[in-house]
Amino acid sequence: MFQGEYDVIVVGAGHAGCEAAAAAANLGAKTLLATMNMDTIAQMSCNPAMGGVAKGQIVREIDALGGYSAMVTDETMIQFKMLNRSKGPAMWSPRAQSDRMLFAKKWRHVLEGLENLDFWQEMVVGLLIEDAEVKGVRTSLGIEIRSKNVILTNGTFLNGLIHIGDKNFGGGRVAERPSTGITAELEALGFVSGRMKTGTPPRVDGRTLDFSKMEEQPGDDEVLGFSYMPTNKPSKQRSCYITYTSEEVHEILRTGFEKSPMFQGRIQGLGPRYCPSIEDKITRFADKNRHQIFVEPEGWDTCEIYVNGFSTSLPEEVQIEALQKVPGFEKAKMFRPGYAIEYDYFPPTQLQHTLETKLVKGLYFAGQINGTTGYEEAACQGFMAGINATLRSQDKEPFILSRSEAYIGVLIDDLITKGTEEPYRMFTSRAEYRILLRQDNADIRLTRKGHDLGLVKQDRLNRLNDKLEYVEKLTKFFNKTSAIPEEMNPILERLGATIISQKMKLIKLISRPQVNFESIEGVDSMQLFLDENGMDREAIEQAFIQIKYSGYINREKENAEKITRLENITIPEDFEYIKLASLSSEAKQKLTEIQPKTIAHAGRISGVSPADISVLLVYMGR
């Protein structure tokens, strides 16, 4: 049935698996996507949303490189918001509420349209390995499928165990069986594994809620979307809502603590720090008498509601009793209770920057198997693993993004350098170059790289070049054009800015924090430029950001270049750190374990001090 050999086999069809399979197929690899259930491809297991702080930047980066998450999100969203508009552009983050069923349907349609991609529905229970190199997979039916590379994107399915109160049962998601066999086989090969936990809230019947008692949260007036290419965005939006718990709700929840798997020690894995369960919140933040609940529709044509902020594994009867004390939920009916799930993961310090494992050549890990949480974090890992597995099969150089090039680079470097003992989530604060890594310039940073790989088509590159040409024209126009006091002062007074007493170049005026495009759009000289060159709002926004923040941007570029010089100082493979007497004991241990490729990589390892780096630099003759 499976004649010949695949270039890449992807195990698992969640967000990581979908992007991995698509990237590999689009790069020309003969690819197989193996999943236990083809009806749950790209299932949004938890909240029906994409993007958010730092996560939205990741989705735009995937799009700029030629991935599909942005396009699928744009065409299946029911609401769009650009978060943090009141802050600087480094913090602006797109977020979309998605139609959960349409999202999965669209992803499957995309994948089925890729000519190099085959599908197989069955559990993969083992790997074919010869001489520390992967050769394929073995299924539950005993079928052996040969491949040059294998990408594991198992999500929460590896020995998944679901907890609801004092009940527990095997499952990768509710009503879906766990994946067994792979963990034990990997451990036998020398891999170290651990357990993590995540959770999900109850889903309720929206027909039984009183939305008049909640705060409405409509979407933005303008649906900007994620993709840099034209997409079919919605012409209307659905609102979300906010309500709050109370002390009464908290007291009811506490009655279930004696049956809580978390408090009774039945759950061993650590859960996500930044998305705690409701029982965890009322314990850790005992001084708070209420917590926000975000009421989120699951789609256009369903009454199912996701109760964001109420993740729990308490007994189902406690969940519904507490929920019905929340304003607007007095008559709520539950579709299914919230639950916690434990699953196996493999500390990511066992990986290279390509996401290939150090122990087995051609074997890649992506997504929650690496200890991350979130669709976006999983998708970008799958995308990078798909690219690198394909490049390996084609005997080409790997594709690695640095910390100054993309949030994707920050995420992967954090994982393999520092590891994680709790579910890793991306934040803007994790990126030291976040002024460079904005959501608005992901195409400028990455589209040419995607084109060089073969993932970005010429029309997308042409679109980027047109944008850059417009930005350059506009910047030159601002540099040479002056505003006169008679025309500009009424605008400046209205904005609360200092008026001018003589002509002033527009570029100086634009550098002022109060002045934006809308405020000068009607100025005669500006209108003349628009009449001659047309309106390109995306390029105009880009020009304004570059002008206003040029000092900060240039300073960060200089810092990035200094670090890049350290990235160019490579460390020999199998370097014997133990022989350097001047290194600290902790540095010797961590450096030997992680085997960094460069001095810069070594400097980011927890426990390696600047003094240790100085020792290495001296040894390298620097």
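Residues are numbered from 1 along each chain as its sequence is written, and side-chain values use heavy atoms, with hydrogens and water left out. Because the model is predicted, local features need pLDDT of at least 70 and side-chain atom pairs count only at pLDDT 80 or more, while totals for chains, interfaces and linings use all residues.

Glu296 belongs to strand E16 (residues 292–297). Helices (H or I, at least four residues) and strands (E, at least two) are DSSP runs, numbered from the N terminus. With a relative accessible area of 4%, Glu296 is buried. Buried means under 20% relative accessible area, exposed means over 50%, and partly exposed lies in between (1.4 Å probe, protein chains only).

The side chain of Glu296 makes a polar contact of 3.3 Å with the side chain of Gln97. Another polar contact, of 3.0 Å, joins the side chains of Glu296 and Asn308. A polar contact is a pair of N or O atoms within 3.5 Å; within protein, one must be able to donate a hydrogen and the other to accept it, and residues adjacent in sequence count only if both atoms are side-chain atoms. Not counting residues up to four places away in sequence, Glu296 touches several residues, among them Asn47, Pro48, Arg95, Cys240 and Tyr306. Contact means heavy atoms within 4.5 Å.

Thr447 is found in helix H11. Its relative accessibility is 1%, so Thr447 counts as buried. A polar atom of the Thr447 side chain lies 3.2 Å from the backbone oxygen of Ala64. Ala64 is also one of the residues in contact with Thr447 when neighbours within four places in sequence are left aside; others include Ala442, Val456 and Leu464.

**Aromatic rings**

A pair of aromatic rings is described by the distance of the centres and the angle of the planes. Rings of Phe, Tyr and Trp (its six-membered ring) pair if their centres lie within 6.5 Å; planes under 30 degrees apart count as stacked, over 60 as edge-to-face and the rest as tilted. The structure holds 16 aromatic pairs. Two of them are listed here.

| Pair | Centre to centre | Angle between planes | Type |
|---|---|---|---|
| Phe191 and Phe346 | 6.3 Å | 85 degrees | edge-to-face |
| Phe575 and Tyr619 | 5.3 Å | 80 degrees | edge-to-face |

Phe191 lies in the loop between helix H5 (182–188) and strand E12 (194–200), and Phe346 in the loop between strand E19 (339–345) and strand E20 (363–365), so this pair ties together parts that are 155 residues apart in sequence. Both Phe191 and Phe346 are buried.

Phe575 counts as buried, at 11% relative accessibility, whereas Tyr619 counts as exposed, at 52%.

Elsewhere, ring pairs link Tyr470, Phe477, Phe478, Phe517, Phe529 and Phe544 into a cluster.

Rings can also have a charge over them. This is counted if NZ of Lys or CZ of Arg is within 6 Å of the ring centre and within 35 degrees of the ring normal. The charged end of Arg60 sits over the ring of Tyr228, 4.1 Å from its centre. Arg430 lies over the face of Tyr424, 4.2 Å from the ring centre.

**The second largest pocket**

The second largest pocket has about 1,200 Å³ of space. Of the 43 residues lining this pocket, Arg85, Leu224, Arg537, Glu538 and Glu541 are the closest to its centre. At least two residues of the lining come from each of helix H11 (442–453), helix H12 (458–480), helix H15 (517–520) and helix H17 (537–548). H17 gives the most, with eight residues.

On a 1 Å grid over the protein atoms alone, a pocket is an open set of points where a 1.4 Å probe fits, with protein on both sides within 12 Å along at least five of seven lines; lining residues have an atom within 4 Å of a point. Grid points are joined across faces, edges and corners, and a volume is the space filled by probe spheres set on the points.

**Positive phi values**

Most residues other than glycine have a negative phi. Ala132 has a positive phi, near 60 degrees, and is placed in the loop between strand E7 (124–130) and strand E8 (133–139). Ala132 is partly exposed, with a relative accessible area of 39%. The phi of Leu355 is positive too, near 75 degrees. Leu355 is in the loop between E19 and E20, and counts as buried at 1% relative accessibility.
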